[in-house]
Every structure is written in structure tokens, then in C-alpha cells.
Amino acid sequence: MDPSQRVRAILSFVHAADAGSFAAAGRTLGISSAAVSKNVASLEKALGVRLMNRTTRTLRLTDEGDVFLQQARIALEALDTAVDTVTAKQFGPSGRVRISTVSSFGQEYLLPVLPKLLARYPALLVEVDFDDRVVDFVQSGYDLAIRGGNIQDSALVSRPICKLNVALVASPEYLERQGIPQMPQELQQHRLIARRFLSGRVSLWNFKMYGSVTTFDPTTTAVLTLSAPEAVVQAACDGVGIAQVGIHLVWHHLLSGKLKLVLHQYHYPGNFEMVMQYPHRALLAPRVRATLDYLLEAFAKDETLHLPLEALHDYTV
């Protein structure tokens, strides 16, 4: 198999694996399904192993196919990066960059910095999806993702953006009406706003007491349970009750006096962080590298993302 045939065969294999059928791969590549099948068969013959098991309706990778697919992706990305690198040297970074971001952070912090990114790199095309669910990079075709929480080890590279401290807040009107809780146990007598993720997981509240951390589930007594963090913030501002929110989402409300911190001396801010993630790659395309570096630099300069906990004492009740 000569080099040009090998590249065509690998492309057919990767697209067939991603699409789940020869027909769908053919539509993407602009060739017939029979041509895709022939290319994959030629590749298997050259390698001396079966990469896919076929039925009339499905394709299923063999163990050898799984291993080959991972390496093939790296090889194809390296080819794309080689082309992008030469182009970038001549004309600057160009092409489409797809970003998945948690909704609240994306609207509050990502959107405001995109105009200057596009002004610096006019040949970039940026596509942003606002989605709080964990995404599959390979299947969804994303280059970068912004995610927050307790980030677990994964097959993704994670670059830190900021610590994601959380706190309990309430409006002055609510506290005047219902009183200020002095101990975590008193929350049972208060009106609470809880957050439940779309996955069904509840955002628990943690407190440092008597040398250990205790956990409280606010949904047991919550008068309002919401999935969007910006909706939780709005409900707290409207005086519905006490809510746990990210400091970066309410800092301007604390400054204006619209919200106050409660139980700050007991509340545990967590070990959460906001990160920028991307797949492990042998090479990072210049368009992605330029976007990644610019966004990380812009976020590093935003003081509201890096507030020390000591700065919050003036806003407690």
C-alpha cells in the first residue's frame, strides 16, 4: 500500500468508526460507501488484522481496532497541525475553534473577552456551546472545554483558570424578615434555595465544625430547587431564601449590598476549580494554541476570579 492509499484508508477507517457506518463516512468524505468499505478492507489486509466487525446494520471495533484508532487520530492531527503551522507562520492562526463551556461562566467571563481575541486573530472562527453537561470531545468535535467543580483525573489535559470558592448568601430583605442564622443547625428553620444539576446530582453544602467537615443536603427542606446557577443567584437577590453560590457569580452583588454572606465562619468553600480542558495530543494546532493561551491570559488578569477568602469578611452578617 503506497503512502497516498494508506492515508485514504486511514481516513476512511477513522470516519467509519466515528460515524458508525460506511455510508455516513462516505457522505462525510464525498465517496461511496463501497469505496469506504474497500479502503478499510485494504487497510486490514496491509496490517494483517481485523479492525472492525461488520454486520448489516452496525460496525464494532475489535481490540486491535480500538488501539489503531487512538494512534490514527494522533497521526491525522499531526498532519493537520503541520499544515496549520505553516499557514499560521504566513497568515497567523486561522480556522474554526469549537469551545464547550459551562453556561454561567461562559456568559459572564468568556463572552466579554472573545471580541479582542477575534480582533487579534481575524482569521479565527470561534464556535461556543453553552452546556453544563460533561462532553465527549471525540464525538462532539470540541477543541476546548471550560469546566468547573471537583475536577477528577482524566484523559484530558486540564489547565487551571481559578479556584472556585462557594459561599452562602441571602438578601438583606430576607435576613431582616427571617433573621440571621448563627449556626448551621439553624438552616433547618430557614427558607433555602438548592441547586440540582441536570444529571440529578445535588450541590451539597459543607461546614467546618468541631475539627471536621459536615455535609448538609439543602433539598430536604428547600423551597426552591434550580439547575442553573445564575437562576439561583437571581432567586437569592429576589429574597427567596439562602443559597450556595460561586463567589465569582455574586461579587458585584456583594459590592452593591444586594447580597450578604451568612455563616461565613463555618461554611467550607470546597476544593473546587475552574479549568480549561483539551484532549491529549502529540501536537496542538496553532489555532487552538493561540485561543487557549489568549483565554488563560485574559482570565488570569480578571481580579474577580482570584479573590482571596479574606476579602469576603467585610460582606458577612
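**Surface and overall form**

I began with the accessible surface of the protein chain, which comes to about 16,700 Å² in this predicted model. Carbon and sulfur atoms hold 52% of that surface. Next I looked up burial: 43% of the 317 residues count as buried.

I then counted elements and found 10 helices and 14 strands in the chain. The radius of gyration is 25 Å, well over the 20 Å that the globule rule gives for 317 residues, so the chain is more spread out than a compact globule. For the outline, I noted that the C-alpha atoms fill a box of roughly 80 × 45 × 35 Å along the principal axes.

Among contacts with a separation of 6 or more, 73% are between residues 24 or more positions apart.

A quick look at charge: there are 31 positive and 30 negative charges, and their mean positions lie 7 Å apart.

My next stop was β5, residues 144–149. Here 5 of the 6 residues are buried, and the strand is mostly covered.

Which way do its partners run? I found that β3 (residues 95–101) runs parallel to β5, with 3 bridges joining them. On that side, I99 stands opposite L144 of β5. Strand β14 runs antiparallel to β5, and 5 bridges join the two. There I noted G148 facing M274 of β14.

**Helix α8**

I moved on to α8, residues 229–237, and listed its buried residues: P229, V232, V233, A235, A236 and C237. A reminder to myself: an α-helix has 3.6 residues a turn, so residues three or four places apart point the same way.

**H264**

Last, I looked up H264, which sits in the loop between β13 (260–261) and β14 (273–279). Is H264 buried or exposed? Its relative accessible area is 17%, under the 20% cut-off, so I put H264 down as buried. Leaving aside neighbours within four places in sequence, I found H264 in contact with L309, L312, H313 and T316.

Conventions:
Residues numbered from 1 in each chain as written. Predicted model: local features only at pLDDT ≥ 70, side-chain atom pairs only at ≥ 80, totals over all residues. Heavy atoms only, no water. Helix = DSSP H or I, 4+ residues; strand = E, 2+ residues; numbered from the N terminus. Buried < 20%, exposed > 50% of the residue type's maximum accessible area, 1.4 Å probe, protein only. Contact = heavy atoms within 4.5 Å. Rg over C-alpha atoms; globule rule 2.2 N^0.38 Å. Areas by Shrake-Rupley, 256 points an atom, 1.4 Å probe, with all protein chains shown as cover. Lys, Arg positive; Asp, Glu negative; His and termini not counted. Charge placed at Lys NZ, Arg CZ, Asp CG, Glu CD. Pairing = 2+ DSSP bridges.
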